[in-house]
Amino acid sequence: MNLELHKVAVRQLAFGAKTGVSNGVLTVNKEELKALLLKDDRLAAVEFDLAHPGDSTRIMPVKDAIEPRCKLEGQGEVFPGFIGPVESVGSGKTLVLEGMAVLTTGRLVAPQEGIVDMTGPGAPYTPFSQTCNLVVVLTPREDIKLHHAEETCRMAGLKTAHYLASQCKAAKADHTESYDFPPLTQAMQAYPGLPKVAYVYMLQSQGLLHDTWVYGVDAKRTLPTLISPTETMDGAIISGNCVSACDKNNTYVHLNNPIIKALYKRHGKEINFVGVVITNENVTLADKQRSSSYAIKLAEMLGVDAAVISEEGFGNPDADLVLNCVKAEKAGIKTVLVTDEYAGANGASQSLADSCQEGNAVVTGGNANETIVLPPMAKVIGDIGQADVIAGGFFGSKRPDGSLEVEIQAILAATNELGFSKIGAYTI
Amino acid sequence: MQANFTAGADTPKQICFFCDGDALQVLVAARDLIHMGWKLVHHPLYGNYRPHQQPYRSILLQREAENSGLSHEQNPTQDQSLNPAYQCLAPDPASLQLIEAALDVYRADRVLNPQQVPDVMLRDCSQLDYELMRLPLEQAGWEAA
């Protein structure tokens, strides 16, 4: 499989009469977009707003972030099972509006996540302070069930992202990236002498507002399986995860998985990157045993020497991470784990709810318990009242002057467990 | 929320206990049941909620012995040695390890009591607790009504 990403740079957003991109400015016909989204009669209202890097703007609570994409050539359409048909994706050419994000906001439940500050001390904690953001403010009808409210908000984000990209198909790409994923027979013969490495990609799948979708299928209803990394770039994996902003993998992050990019970068030089295994994080102990055994069995069938294993979320998924690690190491597969920590405000407490001696190579996305005071912003998009009940906030976190005292858990992607972050630390 | 589930025809007898107090008390009660031979069906910690973010916690346990010695009227924390019908089973080590680890997490955090929570949030939290129990209940043979 080969996928070319044709990336069109977006440096500014504006509302106007015709949706399209020119000289880095994406113009959005919001009436046309509103009419498209309101075809879903489960929505009572839709509004749009814009936020650019450096603006004195706070967006909250953000549900999902999506990068606009659409197919230019090749089978299927992006976001298969939701926008595109249930055909395999990951080949051909895909247009990407780079430098911008669609952020969906609106009330589903309390507590709810997450915060994006476009300036100030909170901005460096979220990569979405560096993107031009089209914010879609969604109000589901009050008489619909929560499942339907979540679905309609999720779909509105995907529809918006696909609509924007589709209106820009004629635009010339500023640069193109190409990703190959050869058949396994070739992959196994390639680069003799280099260690074969797989990526075990854990997906949150606990229940409503804690779910992930693969080709339109609820990940909790699946066995672990193989997926081409190029399929993830076409939106085969969709986030329905609305809880714990700092370490959930929103759809934008699934499209731009930094672990996959890093494995590609080292492919053929330090390692032979031979495959991706997706697995779930179900709540029952039987599922945890079944999925970890099956995922590591797939890695064994690939004959890999090592695996990178990334977690999503925290709490009981820590048990899945440990099971995957122990089973891989016992099978002779060296592991590197990618997670984040809840180590207390002073960083001294145990970081994870579970641990194992085999987990001796771990990368952390940071300590979600770190607290931060976010000063007032000139403009708030969404509902600042949510700060009192946002995951990572606590009662009294909203101060009279409009500032917020929160743990960084409340900030979108602050401790992302795929390494999708602007803040890092280096050992010197 | 458990009233929305009905037991299938081949489902063994189910007993539901409500714990007064906070989620920590639910975990303590579950631990006591594990010492009486009950096993955890699911992990006792939520995924993505901390003790100060969710006032509720439901735990589903199963026990293989025919006669658990418990009834709807009995509190699971009562001394079961007084009940001649009670069949003592050895605790399941995996369940014991998981519940003790979960108790450590709850004891290290602020635990949210339902009485501290506004009504609008209580309703949402109870629904989410139910939703996160949906799969364990289904796998245990209960079906959503």
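Two strands are taken as paired if DSSP finds at least two bridges between them. With that criterion in mind, this tour of a predicted model begins at a sheet in chain A and then moves to the boundary with chain B.

**The sheet in chain A**

Select A:Thr57 first: standing opposite is A:Lys379, which belongs to strand 24 of chain A. Next, display the whole sheet, an open one of three strands in the order 11-6-24 (chain A), with mixed pairing. Its edges are strand 11 (116-117) and strand 24 (379-382) of chain A; each has a single partner strand, so one side of each lacks a neighbour in the sheet.

**The boundary between the chains**

Now show both chains. Here 41 residues of chain A are in contact with 33 residues of chain B. About 2,800 Å² is buried between chain A and chain B, with carbon and sulfur atoms giving 59% of that area.

Select A:Arg107 together with B:Asp124, whose side chains form a salt bridge at 2.7 Å, N to O. The count of salt bridges between chain A and chain B is three, and 17 residue pairs, both at pLDDT 80 or more, are in polar contact.

Finally, colour helix 2 (146-166), helix 7 (285-302) and helix 8 (317-330) of chain A, each of which supplies at least two residues to the side that touches chain B. Helix 7 of chain A gives the largest share, three residues. By residue class, this side of chain A comprises 18 nonpolar, 16 polar and seven charged residues.

Key
Residues numbered from 1 in each chain as written. Chains lettered and ligands numbered in written order. Predicted model: local features only at pLDDT ≥ 70, side-chain atom pairs only at ≥ 80, totals over all residues. Heavy atoms only, no water. Contact = heavy atoms within 4.5 Å. Buried area = accessible area lost by both parts, 1.4 Å probe. Salt bridge = Lys/Arg side-chain N within 4 Å of Asp/Glu carboxyl O. Polar contact = N/O pair within 3.5 Å; in protein donor to acceptor, adjacent residues only side chain to side chain. Helix = DSSP H or I, 4+ residues; strand = E, 2+ residues; numbered from the N terminus. Nonpolar A, V, L, I, M, F, W, Y, C, P; charged D, E, K, R; others polar.
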